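My entries follow in the order I made them.

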Amino acid sequence: MGTPETSREPCPDRILDDIGGAFGMGAVGGSAFHFLKGLYNAPKGARFVAASQAVSLNAPRVGGSFAVWGGLFSTFDCTMVYVRQKEDPWNSIFAGAATGGFLSMRQGLAASARSAAFGGVLLALIEGAGIMLNKFLSAQQQMPILIDEPLPPNGLPAQPVPPPSDSPSSSWFGGWFGNKDEPVSGGGGSETKVLESFDAPPVPNFEYK
């Protein structure tokens, strides 16, 4: 699983990608907010018309504000990537602080400093939450899957079934020829059964004397 830094678009395309995503987020969110606000504030009988007008007037403005913020943030982020030559959460934190301070420059130095601090803290919280979530998901994926074997109804483990015995008492041929099975201990503690050899009848000799 890729980290939030490695899963984003490369830097030149990241600016346009963030501008479009921020505009869409602001337009959708602003439309929902101003539609509900228009329904609440409009008089009875004209609420739907008033809500539609509120959406058409305010949704593009909210989307544009989000797009400006997203474009500045991506620009500062790419600048930090170029300067530091690395991708890490510090780039986003610095970019958030720089964006907040830049957007509040017209209100004075104190307001700009407060906005910069707020933007940096906000991005630090977002990046920290993303890192923690990424680690949690990675730990979940690396956990082994344990499968418990079901126990028999009596609650005792199943006993191995011994192989059928080939002893002379249980074999008709063994009783006929009088053969016996003797266990021979082998290496590693295992036992094998070897069939005893029996005396063969003498071979007739056909040589002429």
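I started with the length of α4. At 1.5 Å a residue, its 34 residues should span 50 Å, and I found the end C-alpha atoms 49 Å apart, which agrees. I note here that this is a predicted model.

Next I listed the buried residues of α4. They are Ala111, Ser112, Gly119, Gly120, Leu123, Glu127 and Asn134. I then looked up what covers them, and the cover includes α2 (47-84) and α3.

I turned to the pair α3 and α4. The axes of helix α3 (residues 89-103) and helix α4 (residues 109-142) come within 7 Å and cross at roughly 150°. Angles over 145 degrees count as roughly antiparallel, so α3 is roughly antiparallel to α4. I recorded the crossing of α3 past α4 as right-handed.

Which residues of α3 and α4 meet? On the α3 side I have Pro89, Ser92, Ile93, Gly96, Ala97, Gly100 and Gly101. On the α4 side I have Ser112, Ser115, Ala116, Gly119, Gly120, Leu123, Ala124, Glu127 and Ile131. Sorted by class, this contact has seven nonpolar, eight polar and one charged residues.

Is glycine 100 buried or exposed? Its relative accessibility is 10%, and buried means under 20%, so glycine 100 counts as buried. Leaving out residues up to four places away in sequence, glycine 100 touches Ser115 and Ala116.

I moved on to α1 and α2. Their axes come within 5 Å and cross at roughly 155°. The two helices are therefore roughly antiparallel to each other. I noted the crossing of α1 and α2 as right-handed. The residues of the contact of α1 with α2 divide into 20 nonpolar, 13 polar and five charged.

My last entry is on histidine 34, which is found in helix α1 (residues 11-41). Histidine 34 counts as buried because its relative accessibility is 10%. What does histidine 34 touch, not counting residues up to four places away in sequence? I found Ala51, Ala54, Val55, Asn58, Arg61 and Val62.

Conventions: Residues numbered from 1 in each chain as written. Predicted model: local features only at pLDDT ≥ 70, side-chain atom pairs only at ≥ 80, totals over all residues. Heavy atoms only, no water. Axes fitted to C-alpha atoms, helices over the stretch in contact; angles between N-to-C directions. Helix = DSSP H or I, 4+ residues; strand = E, 2+ residues; numbered from the N terminus. Parallel < 35°, antiparallel > 145°, perpendicular 65-115°, else oblique. Left-handed = near helix turned anticlockwise from the far one by under 90°. Contact = heavy atoms within 4.5 Å. Nonpolar A, V, L, I, M, F, W, Y, C, P; charged D, E, K, R; others polar. Buried < 20%, exposed > 50% of the residue type's maximum accessible area, 1.4 Å probe, protein only. Expected span 1.5 Å × (residues − 1).
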